[in-house]
Amino acid sequence: MPASLMVPASLLAVLGKLRVFTAPGFTTFTAMVTGLVAQTGASTVTGMLTGAGLARAWPHDRARAHAFFSRTRWNVDNLGIVLAHLIVRTLLPQGAAITVAVDDTLFKRSGKKVFGAAWQHDGAARGPKPVGRGTCFVVVGIVVELPFLTRPVCLPVMARLRRPKTGPSKVELAASMVKLLAVCLNRPLHVVADAAYHGRALRHLPEAITLTTRLPASAVLFDLAPPPTKKRGRPRLKGARLGTPAELAATATFTTTHVARYGRTDQVAIAEVRCLWYGSFHTQTVRVILIRDEDTTTGYDLALVTTDLATPAAALVTRYAWRWSIETTFAEARTLLGVGQARNRSENAVRRTVPFGLYCYSITVVWYALHGHHPSDAADHRARAPWYTTKTDPSFADMLAKLRRVIIAARFLPVTPGQPTDAEIQAVHQAWAQAGLQHTA
């Protein structure tokens, strides 16, 4: 590393596992990760340089920082796959199946020359028309349970730009990424997604991949195809019409059970049936899981459809509830890391910058799990902010603040003997306070 770039040894140990770059490219990658994590202001490319303490040392133009995203030869999918291997190897039990969450999110962008920007659906928008102008990314993240947290965390490992009316659809992008991830990790994958993710591209996935998604209320279900009659003509591909989920719930037999979801254990009534969702999964056998909450007496509150024919229904409800962790990741990546704030416009830069920022979210959590966690972290936060009387787990804001302070300590570590000057002491105090400003507010 150049003398002007100070990186903590613990962070460098994590980044060293992600070498998909040349030696100069890895140096720039390390600087950009350090800068994005350390930056408390605007998370633009020049903001990353400022966060890394390189604003006066490195050129911010095409010669170094911007060129890393727009011209340097590296593959964003390859980086995500290497990151996925690191997550699986260090945070998941050996040989265990992997739960993968899939969703898309819109990053607001203005300007006619921004590649891929368009008016499209925005789930976070308010009002009668949930649309916004920006770049939409389909994201795949590995959901992990950490011993010091009571909720699962989704760690993004792949993200691809979705261009409306041009190129693959969201479902096709999701299917492509999930298949690539399954091949590279060589582990069973249990994919969870919202109701938008179903259709031709997700039919007949490889045997190692299952899909669980929410069933739309308008879906029409059919019984399994009857056996061949040995008469002339093509055998029937589907059985009798079972109807919509509401019609199915009217005659279904519900069984009371307990499910773990959203940090609590609920008593619910569950009914399930093996059938065909012919309009989406064609002739592939699926299971429909109908969930009725304790205070509901008729109908259903949630309907799931899954290609997993073996896992118990209660476990499938828990697995689907883990999907919400990717929504939390999107919110924290935006507000705390500033993902999506980069103002670049060229195709390569647009396709790379958002995935890079999401990977930095995963890198921060991996660093904290391997090197940063201390049992007293939550208690220390309560001491600083006593109004959080029920806080028992460290949040991503706590993880980020701790990594920022480790970066600050490494940056201001004296390289020559002697007493620090008053200006140096004041700079450390200001940077230290700024590192924790966001998560204590």
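**Helix α11, its cavity and its partner**

Reply: In this predicted model, helix α11 (residues 347–372) gives the largest share of the lining of the largest cavity, namely four residues. The residues that line this cavity are Phe107, Arg109, Thr135, Gly340, Ala342, Asn344, Ala349, Val350, Thr353 and Val354. Sorted by class, the lining of the largest cavity comprises five nonpolar, four polar and one charged residues. Its volume is about 70 Å³, and the number of cavities of 30 Å³ or more is three.

Helix α11 also has a packing partner, helix α5 (residues 76–91): the two axes come within 11 Å and cross at roughly 20°. Because of that angle, α5 counts as roughly parallel to α11. The crossing of these two helices is left-handed. On the α5 side, the contact is made by Val76, Leu79, Gly80, Leu83, Leu86, Ile87, Thr90 and Leu91. On the α11 side, Pro355, Tyr359, Ser362, Ile363, Val366, Ala369 and Leu370 take part. In terms of class, the contact of α5 with α11 holds 12 nonpolar and three polar residues, with no charged residues.

Helix α2 (residues 23–38) packs with helix α13 (residues 396–411) at an angle of about 120°, and their axes lie 9 Å apart. The angle therefore makes α2 oblique to α13. The α2 and α13 crossing is left-handed. Here Thr34, Val37 and Ala38 of α2 meet Leu400, Leu403, Arg404, Ile407 and Arg411 of α13. The classes in the contact of α2 with α13 are five nonpolar, one polar and two charged residues. The charged residues of this contact include Arg404, in α13.

The largest pocket holds about 380 Å³ of space. Its lining consists of 19 residues, and those nearest the centre of the pocket are Asp103, Asp104, Gly123, Ala124 and Glu327. Two elements, β1 (98–108) and α10 (324–335), are those that give two or more residues to the lining of the largest pocket. The lining of the largest pocket divides into seven nonpolar, three polar and nine charged residues.

How values were computed:
Residues numbered from 1 in each chain as written. Predicted model: local features only at pLDDT ≥ 70, side-chain atom pairs only at ≥ 80, totals over all residues. Heavy atoms only, no water. 1 Å grid on protein atoms, 1.4 Å probe; cavity = no way out; pocket = protein on both sides within 12 Å on 5 of 7 lines; lining within 4 Å. Points joined across faces, edges and corners; volume = space filled by probe spheres on them. Axes fitted to C-alpha atoms, helices over the stretch in contact; angles between N-to-C directions. Parallel < 35°, antiparallel > 145°, perpendicular 65-115°, else oblique. Left-handed = near helix turned anticlockwise from the far one by under 90°. Contact = heavy atoms within 4.5 Å.
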